[in-house]
Amino acid sequence: MKVKFAAALGGLALLASTSAFAETVIPEGAELAMRLEDAISSQTAHEGDRFTVSLDEDVKLSDGTILRAGYRGVGEVVEARDNGMLGKNGKLNVRLLYMKVGDDRVRLRANRGSKGETRVGATVATVILFWPAAPFIRGKDVSIKKGTVMTAYVDQDVKLPSPLPPPPVAD
């Protein structure tokens, strides 16, 4: 009887210890829809500027765990160039760095680049007709609107303690 009781206690202790140390794994390459929480413009952005993103949709992992929409993350401006004279267009390149789940960071892979419209035709026509006005023709700036959704991929396997903390409450 004592042996059965000790075995039952040992089994319960083992069960309790494995559930207390259970982990959720977000696999490398998992696809996440990330929404920009800030508008970014080639007119005002500078290389190295950071911006906020958030998980746009719930993601179901292979073990059945669900990452709830709302986890926040950070992106960075890689390149920003304002429009210029002679119809030179603006340029903007951004990348997503990570998403935070509780105190843990999930590294992301995602890039997006855009160029504004070049006005070469207008510049050439103005040079021919009104050459003093040519330097004042400017290209277009480019922007990425708040709420734009980018597809990001998890950069490496990430082990998170289970159960997952809830996403932060939206401001």
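The following paragraphs lead through the structure from its overall make-up to several individual residues.

This is a predicted model, in which local features need pLDDT of at least 70, side-chain atom pairs count only at pLDDT 80 or more, and totals for chains, interfaces and linings use all residues. Residues are numbered from 1 along each chain as its sequence is written, and side-chain values use heavy atoms, with hydrogens and water left out.

The chain contains two helices and 13 strands. Of the 171 residues, 34% count as buried. Here buried means under 20% relative accessible area, exposed means over 50%, and partly exposed lies in between (1.4 Å probe, protein chains only). The accessible surface of the chain comes to about 10700 Å², and 56% of that surface belongs to carbon and sulfur atoms. Such areas come from the Shrake-Rupley method with a 1.4 Å probe; for residues, only the protein chains shown count as cover. Among contacts (heavy atoms within 4.5 Å) between residues at least 6 apart in sequence, 67% join residues at least 24 apart.

The interior may be considered next. A nonpolar core is a set of buried Ala, Val, Leu, Ile, Met, Phe, Trp, Tyr and Cys residues joined through side-chain atoms within 4.5 Å. The largest such core has 31 residues, and those with the most contacts inside it are Ile26, Leu32, Met34, Leu67, Leu96 and Met99. Two or more residues of this core are given by each of the strands S2 (31-36), S4 (50-55), S8 (91-101), S9 (104-109), S12 (149-154) and S13 (158-161). The largest share, five residues, comes from S8.

Around the loop between S12 and S13, where Asp155 lies, a charged residue is found under cover. Asp155 counts as buried because its relative accessible area is 19%. Not counting residues up to four places away in sequence, Asp155 touches Glu28, Arg107, Leu108 and Arg109. With the side chain of Arg109, the side chain of Asp155 makes a polar contact (3.3 Å). A polar contact is a pair of N or O atoms within 3.5 Å; within protein, one must be able to donate a hydrogen and the other to accept it, and residues adjacent in sequence count only if both atoms are side-chain atoms.

Glu28 lies in the loop between strand S1 (23-26) and S2, and is partly exposed because its relative accessibility is 49%. The C-alpha atoms of Glu28 and Val154 are 126 residues apart along the chain, yet separated by 5.0 Å.

Another loop, between strand S6 (66-67) and strand S7 (72-81), holds Arg68. Arg68 is partly exposed, at 42% relative accessible area. The side chain of Arg68 makes a polar contact with the side chain of Asp58 (3.1 Å).

Two further details complete the tour. Arg105 lies over the face of Tyr98, at 4.0 Å from the ring centre; a charge sits over a ring if NZ of Lys or CZ of Arg is within 6 Å of the ring centre and within 35 degrees of the ring normal. Finally, a cis peptide bond, with omega about 0 degrees, joins Ser162 and Pro163, and Pro163 lies in the segment after S13.

Terms used. Helix = DSSP H or I, 4+ residues; strand = E, 2+ residues; numbered from the N terminus.
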